[in-house]
Amino acid sequence: MAEQLPEYRQPWYHRWGGMLGEPRRRWRGMDDKHRDQANWALKALLVIVVAIISWPLALLVVALFAANYVDQYVPEKHAWARRALIPTLIAIVAITYPFYNGSLHDMRLFGAYPDVNTAVIMGVYVIMAVGLNIVVGYAGLLDLGYVAFYAMGAYTCAWFASVQFAHRNVHFGATGVGSSTPGFHINIWLLLLIAGLITALIGILIGLPTLRLRGDYLAIVTLGFGEILPQVANNGDNLGGFNLTNGPNGITPIDAPGLFGTSFQTGSGTFFTGPRLYFWLVLALVAITVFCSLRLRDSRLGRAWIAIREDETAAAAMGVPLMRTKTWAYATGAFFGGVAGAYFASFKSSTFPNDFSFNISAFILSMVILGGMGNVWGVMFGAAFLAYLNQEGLANIGHSLNQTFGTNFEVPLYQYGIYGAIIVLVMLIRPEGLIPSARRQAEFQEGVHDTPLYDARHE
Amino acid sequence: MTRKPLLTALLGLTAVLALVAAGCGGGGSSSSSGNATALPASSCSDIYYQGSGKPDYIIASDLPLQGSGRAQTVQMTEAIKFILKQHNFKAGKYNIGYQSCDDATAQEGAWASEKCSANAQAYAQNKSVIGVIGTFNSGCAEIIIPVLNRAPDGPVGMISPANTYVGLTHSGPGTAAGEPQKYYPTGKRNYIRIVAADDFQGAADALNTQQLGLKKIYILNDKQAYGLGVATDYKNALTKLNIPVAGFSAWNSKASSYTGLATQIKQSGADAVFIGGLICENGGKLIKDLASVLGKKVTLMAPDGFTPISAVVSGAGSVSEGMYISVAGEPNEKLGPTGQKFVKDFGATQSGGNVDPYSSYAAQSAVVLLSAIEKSDGTRADVAAKLLDTKVTDGILGNFQINSNGDTNSNPVTVYQIKNGKQTTYKTITPPTDLVKSS
Amino acid sequence: MATVASTQQSSWIGRIRAAGLGPAIATTLVVLLLLWLSVNLAKTPSDFASVALEGLTLGLVYGLIALGYSLVYGILELINFAHGDVFMLGSWVSFSFAANRLGLGANTSGIAVIGGLLLTLLVAMAFCGILNVTIERLAYRPLRNAPRLAPLITAIGMSFILQNVGLYLLGPAPVSVPNILPTGAVFTIGGNEYRWSSLIVAMTTIPILFLLIWLVQRTRQGKAMRATAQDQEAAAMMGINVNRTISFTFLIAGALAGVAGLLYALYSTNIRYDQGFQLGLIAFTAAVLGGIGNLPGAVLGAILIGLIQQFNEGLSWHAPSSQWTQSIVFAILILILVFRPEGLLGERTPEGG
């Protein structure tokens, strides 16, 4: 394909049209020294902006930058320390969060720091986004119906840990449920795994017939599944006379997880309160998810995914089994979606068909795109940030803005416009995401395009 | 060469961590005031308290404060504040503060299940929360009630000004397996509502159908929790009155045409259609298509999801003429002297002077909760128990009593008719209990 | 790559195809469908006819939107997610121009209505066409060399932005449009009326389709479009201004969305900010059903979808009813993509597998 640059030098409207792509082009044109300086300047700017919002947050950012800087001076033989430094830092800050979040002062513009309960929800979205990242970021398969997996996980949890099937009375290791309570009550820990496996199976079933389709067709098919499943859930109160999902009324309440006989819903004492237990558990799940995701990326399978993403034809020619590899990506992504869905259902103690709209799929996709497709850390940040915006941030921002300017504009109402703008701007200015993976960055910048978009019939 | 930057950076990191720790270590003084601990600022407002000293307890309201219904719910919180101020922030010997919590997220633009659950956890964990006013949506109540019921030191009482789903308090046709017991895992009741449940509205609509002399009814629902519930209750009441049901089906709020559905209704020979659902679920378009296919001879009826009635008129235009819309409770102008006085005094504090009917219900809820606290021994469990004992004489909503299920015995349903594009009160129906109760 | 993939994979789909079971299954389904339709026809002939006419009308509206998807997909292989929302804004601009600016309403006289609507049509077409071209310039063109999914993701983002613009302009509740078209019946079948508004939709869509086919098949600009669709580089070498051709395609697609927006507002008399997403998905399904990139196919697919929707909701003998409509439409989409990605009228391409 022809080089695009000269085109922008021609008529004025071409220049304007390409304006959004301009900073990126200029950045690429810099030499190393200037780029380094610009990098420092950008970092300093970021720290200053964050410090204006809230200084403890700025400290965290500085600490992360410092840790990142230290990284390159760690000798090769202590490579483990290099790998462990930033995760340890994040882990310490995260695990102790319930102890200090109440004493942090409000942020400027953003209002109060997220509540522990909100942090749990952020964690759940992080798991989902990291799961979707395996499908979209690693394997390069656009999945617009990821919410279907979340729904599957949630309903699996709901069926086996509530009074939905009241004519049965099966108890297995459930905490905090009276033995006479009707319905299935299976231990939530076990259910998380079961939900993950069932969802992975569904992922394989959906994937087998559809994964042979080309990227954009696949996206549409997944979107179709994502639209059908909630409708089935909504009409599932009478499937040939059988009440599977309780329809629009949803399934409530759902059992809480337990540990050593303590139900997470009630907690125990003032230290192990319910929200804290939920929070630490979600942190553990996030840690497991991230660990698996990173190990998978570096495994043979993960390299096969990336090979497919970069050039399907070359990958196939090198003997990568396309269908099997893609199906594994799908199943793995679905697994994490299922686990997150099951945990979320248990945390919310409810599941409703309305929880599973296309918007959620797009929401999770925005997280992956914002953070940087393929990069776990970026995706984690994107997920936590957008989930926070949705839960509290936008309402707070709207409140601050309206108070400052005396307006009456409802910011949360336009959140999807905001997410849309994020998607478009990221794709145009920094398609590799805020924290890109090095490999993905190279693809976008040097153009490892196996399939140039506008040149379809190249085969 | 490589040592020095490493050392500097490590020192810097240590310093930073120390600073972070220092910044975080200072006790939680900012978020508590007096004896009562505030609910997290992330979803709740600051404590509203203007009485003497410090509040001993907090009452919280749980309403969706984002999205299209915001104006209505914000006024409800204002009404609660108004009542508190009137009582001088006192319930007997206790000083009472108030926090308004939001159960909506930006994503839904309405209540969101995860927010309800998070709020429920916060109420249950915070022993300063002596009682909760809420919720607005029955689905949210399904989540909160069981959590409050199992709160660490006995159930926390909750009083709803707006929940109408039947299964929250008693079983009946159309409720799910295990309802309502599944919401009360401890076996003790902690939830009351001062608004008539949907089975009363369904019965009132059925009675109205009978009195209008309609012979065969087609029932539509929007396949959402509220619409399906009220449509089912209406159907059950019709069956009891021996009025034949011509059909029972759902309309899809996202469809661009309902003429197919309307043709099917025409074919069924129904002389009236009951539209169980919400006006915002594309109700305007549905009414238009029904009217254009079925003609003027077919009567249209709807429950209080089709309010405000002005929205029906603007959404459906002139074809909504003659339509009947029922609303649980009584309109502000039919309230007794106490209610009238509240509407007048509270209206004076609101811009425009308009008082939404739900504000009266919110205010009544606050009064009931305050009096339960006053009668209690100051424990949350006792407040919940006293709520179930509620008996109100000459309140904002008149006289009523709460039964052991937590339901009110005052169940008037007002039927409005659209005439000349305006809502006119057609009649108020109080359905007899034997029409409502299944057994 | 797809050829490599298809020789490699030996899934059950492949086996079904290899065994020639595909046509057999499809035939069985179609026969069952026809059987169900004929029973309904026998039981209630007049309702059947009126439901079919309504379905046809609805299908034609879908068809106008589907044409836009098909045109853009044909030339760029891009699913322009934002197209449905351009259509929604077309409805908004028609409504605010015709009802608020020109003051057209149920009581306006005939000549004024015709003149006013023609003017509105021009405004809507111009607005949506220019909007669509702008979107292409700003959001899609800079990504022409990016990996394939990048513009698709951007299109989803654009769709959200436009939808929220609509939310700001129209508000969250549906907006009622006055009855500008005559509401009387053209004719009556067994007590069911066929309305003027339906007839006008049909009389607008069909000429537009023929005009479009003429444009693509017969004119110089159409030839440039087809050449660009086949091979951009070769087209550029032949002296075709590829960028201008692509812009022209977006202009035409946008203008079609404008027509659809006006017709939908008049026919449905109810517009809302998220109609674009819903109808966009349906129209895209229709385009895929007919064979994406194939213009008559898009309209055929749209009519079929419209009929299926209305039959499902309007027929009384064993119809799954409206609560399943959405699922049925998407199930069709999935089945078509899996078993016959080239659609009803499309040619088999290697990409389809």
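This report walks through an interface, a sheet and the nonpolar cores of the structure above.

Keep in mind that this is a predicted model, where local features need pLDDT of at least 70, side-chain atom pairs count only at pLDDT 80 or more, and totals for chains, interfaces and linings use all residues. Residues are numbered from 1 along each chain as its sequence is written, while chains are lettered from A and ligands numbered from 1 in the order in which they are written.

Let's start where chains A and B meet. Here 55 residues of chain A are in contact with 51 residues of chain B (contact means that C-beta atoms, placed from the backbone, lie within 7 Å). On chain A's side, the elements giving two or more residues are α5, α8, α12, α15, α16 and α17 of chain A; α5(A) gives the most, with nine residues. Helices (H or I, at least four residues) and strands (E, at least two) are DSSP runs, numbered from the N terminus.

Now for chain B, where six strands form an open sheet in the order β4-β5-β3-β8-β9-β10, with mixed pairing (two strands pair if DSSP finds at least two bridges between them). β4 and β10 of chain B stand at the edges with a single partner strand each, so one side of each is left without a neighbour in the sheet. Strands β3 and β8 of chain B run parallel and are joined by five bridges; B:Asp62 stands opposite B:Gly134 in β8(B).

| Helix | Strands of chain B touched | Angle |
|---|---|---|
| α4(B), residues 138-149 | β3, β8, β9, β10 | about 160° with β9(B) |

The angles run from 0 to 180 degrees between N-to-C directions, with axes fitted to C-alpha atoms, for helices over the stretch in contact.

What about the nonpolar cores? A core is a set of buried Ala, Val, Leu, Ile, Met, Phe, Trp, Tyr and Cys residues joined through C-beta atoms within 7 Å, and a residue is buried if 20 or more other C-beta atoms lie within 10 Å of its own. The largest core has 229 residues, and A:Tyr125, A:Ala129 and A:Ile364 are among those touching the most other members. α8(A) gives the most to this core, with 17 residues. A second, separate core of 140 residues includes B:Ala110 and B:Ala384.

Lastly, helix α9 of chain B has buried residues including B:Ile309 and B:Val312. After α9(B) comes B:Gly317, with a positive phi near 75°.

Definitions and conventions. Contact = placed C-beta atoms within 7 Å. Buried ≥ 20, exposed ≤ 12 C-beta atoms within 10 Å, placed from the backbone.
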